[in-house]
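Student: Could you take me through this model, giving the general idea behind each feature before the case itself?

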Amino acid sequence: AGRSGAAIYPVPAGTTPGLDESARQVVAAIATSIRSVQPLVCADPGQRAAIIDALAGAVRRAGRPVWLTHSDASSSIADLPAEVSVVDAGQVLTAMADPQRRLSLGGLLIVDAAEQLPAEQLTTLCLHAGTTNTKLLLVSDPTATGGPSRELTDTLAGLPWAQHHGPVDTRETIVARAAAWTAAQPPAAGGVDTSQTGQEELPRWRRHTLSTAAGNRRPAVIGRRPAQSVLAGLDPSTRRVIERIAVSPTTVHTVDLHTNDGGQDKAAVITALAHTGGPGAQMAVIPIGRPAAEQTAPPPYQRYLLDGKTAADNLSRQTWKPPPGSRIVLDGADHLPTNTLIWWLNITARHDLKLVLITDRNHPGPQRHLTDTLAADAPWAAHQVGRADTRHQDATAVVGRLVQAHTSLITAHHDAEQAIAEYRERYRRQERARDQHRSRDDGYDLSL
């Protein structure tokens, strides 16, 4: 849902020769859209190449750079326009994450055969696009079978502003499948933990604060993936949690533990997080409530432990100034008083710090509904460690409902965006009419 006003390119009339009317409309819609992520579904290789050629021309006329990336041997474009630079997806991600090597403002990054890219790479590209003022064009072939990111590209193709050229794919989308599953499989008796519990008691401004914090993104908090030696011994799902937190531009992440291992998983997660910061970044772990009292032996991350009150006072007085991108871990975040948790959300956003809220499902705190609200508002930044497979169906039901709600929200935003665009066009027509009226010679002819 990222937006970038820097990545809008005008398409003057007569600059798209050789394209049929539907292809011209696709080019104009993508070039002039404020949306950072632009899905394009097209089965004809020739039309894909022609659309990319026209878009590249529009971008270069606007004085912006154009890059193209694809998985090995996946690109169907034989003759690339001269203004397009072929880049490796890994190198692009590194440049996006490094403030010193940031991509040029307002550029267009084309991902050809997007369904063939690794899902983690494609997800990270989508997250980075909005924070780096880059327009990301995801070109996919609906007739291609398989691919690591097939379900992801199919989901993105269902966005209201996604462009389709050629025959429309009639297959049921993943969003429709999630909605159908949710309707047919309601949660079991006893329910699934959701963010709704306890929200009725929250004042509106607090709910707004939590929603705003959940959506905060800063390029400065994008870190690096830890070395494989750091991740050794972790199960695959825990590794993914660490890697996603490391490279995400989202400032607030929640990690919910579902284990009874004496804190071993928690210690492994925190220790690995210490190796994800950028150059000069610091790490601080603040134990809160019951989890701190249950520590019977010094954890392996002992050197990162700080007293919560001391850390808060030093941040407020600016006697402690952690560099942007530093990690603050609140261990037992659902034991914090409401105002204190909101203070941490605000202060870390102000200083461009990444805040990781760790909770324990077996020892929930009195403010559990607050961390659940943050997790529901930003499901891409909500992580679970050690969740039992028996809860998979409940989790799927929750995801299905979140997908439905998110899709409805996107549709509403799209409708509002269209209404604003129409209003601006009417205003421009009125301005042109007034200018033409002023330019007429309405003076008196005084010649004899």
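**Reading the fold**

Tutor: The secondary structure of the protein chain comes to 15 helices and 11 strands, where helices (H or I, at least four residues) and strands (E, at least two) are DSSP runs, numbered from the N terminus. This is a predicted model, in which local features need pLDDT of at least 70 and side-chain atom pairs count only at pLDDT 80 or more, while totals for chains, interfaces and linings use all residues. Residues are numbered from 1 along each chain as its sequence is written, and side-chain values use heavy atoms, with hydrogens and water left out.

Student: What percentage of the residues of the protein chain count as buried?

Tutor: Buried means under 20% relative accessible area, exposed over 50%, and partly exposed in between (1.4 Å probe, protein chains only). Of the 448 residues of the protein chain, 43% count as buried.

Student: Which residues of helix H12 are buried, and where do they pack?

Tutor: In H12, which spans residues 308-317, the buried residues are Ala-311, Ala-312 and Leu-315. Seen down the axis of H12, these buried residues fall within an arc of 100°, so they line one face of the helix; the arc is that of the directions from the helix axis to the C-beta atoms. Contact means heavy atoms within 4.5 Å, and the buried residues of H12 pack against strand E8 (283-287) and H13. On the face turned away from the buried side, H12 carries the exposed residues Lys-309 and Arg-317.

Student: Which residue caps the N-terminal end of H12, and what comes just after the helix?

Tutor: The cap is Asp-307, with a side-chain oxygen 3.3 Å from the backbone nitrogen of Lys-309. Just after H12, Gln-318 takes a positive phi of about 60°.

Student: How do helices H7 and H13 cross?

Tutor: Axes are lines fitted to C-alpha atoms, for helices over the stretch in contact, and angles run from 0 to 180 degrees between N-to-C directions. The axes of H7 (residues 204-215) and H13 (residues 338-350) come within 10 Å and cross at roughly 35°. Trp-205, Arg-206, Thr-209, Leu-210 and Ala-213 in H7 meet Thr-338, Asn-339, Ile-342, Leu-345 and Asn-346 in H13.

Student: Is Ser-140 buried or exposed, and which residues does Ser-140 touch?

Tutor: Ser-140, found in strand E5 (residues 135-140), counts as buried at 6% relative accessibility. Not counting residues up to four places away in sequence, Ser-140 touches Leu-40, Val-41, Cys-42, Glu-115 and Thr-153.

Notes: A polar contact is a pair of N or O atoms within 3.5 Å; within protein, one must be able to donate a hydrogen and the other to accept it, and residues adjacent in sequence count only if both atoms are side-chain atoms.
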